Amino acid sequence: MTVNFSVLASGSKGNSIYVATPGVRLLIDAGLSAREIERRLERIGVRAEDLDAVVITHEHRDHVSGLGPLSRRYRLPVFLNRATRRNLPDQVGRLTDCVEFTTGRSFSVADLTIHPFSLSHDAADPVGLTLVNGESKVGICTDLGKATRLVQHHLQECRLLLLEANHDVGMLTKGPYPWSLKQRIRSASGHLSNEESRELLARVLGDTLERVIIGHLSEVNNRPKTALEAFAEVRHAWSLQLMVASQHEPSEIIALP
Ligand SMILES: [Zn+2]
Ligand SMILES: [Zn+2]
C-alpha cells in the first residue's frame, strides 16, 4: 500500500492536490485552469487521462475554477456535498457526474477512505479531509478561520499534514488590503495565520506525524521564509520534515509507503 501525494498549487490564485493509491488517482480541488492542471500533472509524471475523480472541498473560485472543463474533458465524477454543489459559481457549468457526500460521514473511492469534516470558513459547507489507505493517514486542512476541537480531533494520527498558514498577522495588519478584507481574513470564518497554524499543529502532533506541508500562503501577507520561521521550533523538537507548498509549481511527489 502506498499513497502518493503532490500539491499541484496552493494559495488564493488556485488550489489542487494530486493523491494516488494503488487503486485510485484523485484530484482534491481543481482551482487552476484545466490546461494548467494538465501541465502540472505532466510535470510530476501523471497523465490527466489517468485520473479517476475529483473531490471538492468548497465552492470558492480558487478551488473550482478549472472543475467544469476538466471534469467534462476526462469524464471525471465529482465528489462534493450538496451545499457546495448548489453554490458553485456559474462558470463551472453543467457537471454530468456528481456524487454527493455528507459532511461528517466517511466514504470510499476504491481503496481510499475519505472523511470530510466541517471547517469554519465563509463558504456554504466547507470541509477539510482525511484520507486513509492502509496504515497511511493524510490530513488536508486549508481555508479555515478557526481550528475547532473537531478539526483537532480529525487531524490526530496523520503521517502527512497539509496545513494552512495563510498570513503573518503583522504583515496583514500593515499591508495594503482594505480594512474590510483584513477583517474577513482574521475572522473565525477566514484564514489561519502562521501562529494559529502552528498552535493547531502543536495540538495534533504525535508519533505518527512525519511530514508537514504548509500551504495557502498569501502572496501579499506572508512569505515562505516567515512561515517556516514560525514553525522552526516545533519542527526541531519533533524532527519533522517541513515544506511550503507553492502557488506556482507542483511539489515533488511524496510517497508514503
Ligand atoms: Zn482557498
Ligand atoms: Zn476558501
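Leu26 stands opposite Ala53 in strand β4. Strands here are DSSP runs of E with at least two residues, and helices are runs of H or I with at least four; both are numbered from the N terminus. Two strands pair if DSSP finds at least two bridges between them. This is a predicted model: local features need pLDDT of at least 70, side-chain atom pairs count only at pLDDT 80 or more, and totals for chains, interfaces and linings use all residues. Residues are numbered from 1 along each chain as its sequence is written, while chains are lettered from A and ligands numbered from 1 in the order in which they are written.

β4 and β5 run parallel, paired over two bridges. Val55 has Phe79 of β5 as its bridge partner. Phe79 also stands opposite Val99 in β6. Four bridges join β5 to β6, again in parallel.

What covers the faces of β5 (residues 78–81)? Val78 and Leu80 lie on one side, Phe79 and Asn81 on the other, and all are buried. Buried means that 20 or more other C-beta atoms, placed from the backbone, lie within 10 Å of the residue's own. In a regular strand the side chains alternate between the two faces of the sheet.

The whole open sheet has seven strands in the order β6-β5-β4-β3-β2-β1-β14, with mixed pairing. β6 (98–101) and β14 (254–256) stand at the edges with a single partner strand each, so one side of each has no neighbour in the sheet. The twist averages 25° from one strand to the next. Angles are taken between N-to-C directions, from 0 to 180 degrees, with axes fitted to C-alpha atoms.

There is also an open sheet with the order β7-β8-β9-β10-β11-β12-β13, seven strands in mixed pairing. Within it, β11 (residues 160–164) and β12 (residues 211–215) pair in parallel over five bridges. Leu163 stands opposite Ile214 in β12. Helix α8 (residues 194–204) packs on this sheet and touches β11 and β12.

Finally, the core. The largest nonpolar core has 67 residues, and Leu163 and Ile214 are among those with the most contacts inside it. Such a core is a set of buried Ala, Val, Leu, Ile, Met, Phe, Trp, Tyr and Cys residues joined through C-beta atoms within 7 Å. Strand β1 (residues 3–9) gives the most to this core, with five residues.

Conventions:
Contact = placed C-beta atoms within 7 Å. Buried ≥ 20, exposed ≤ 12 C-beta atoms within 10 Å, placed from the backbone.
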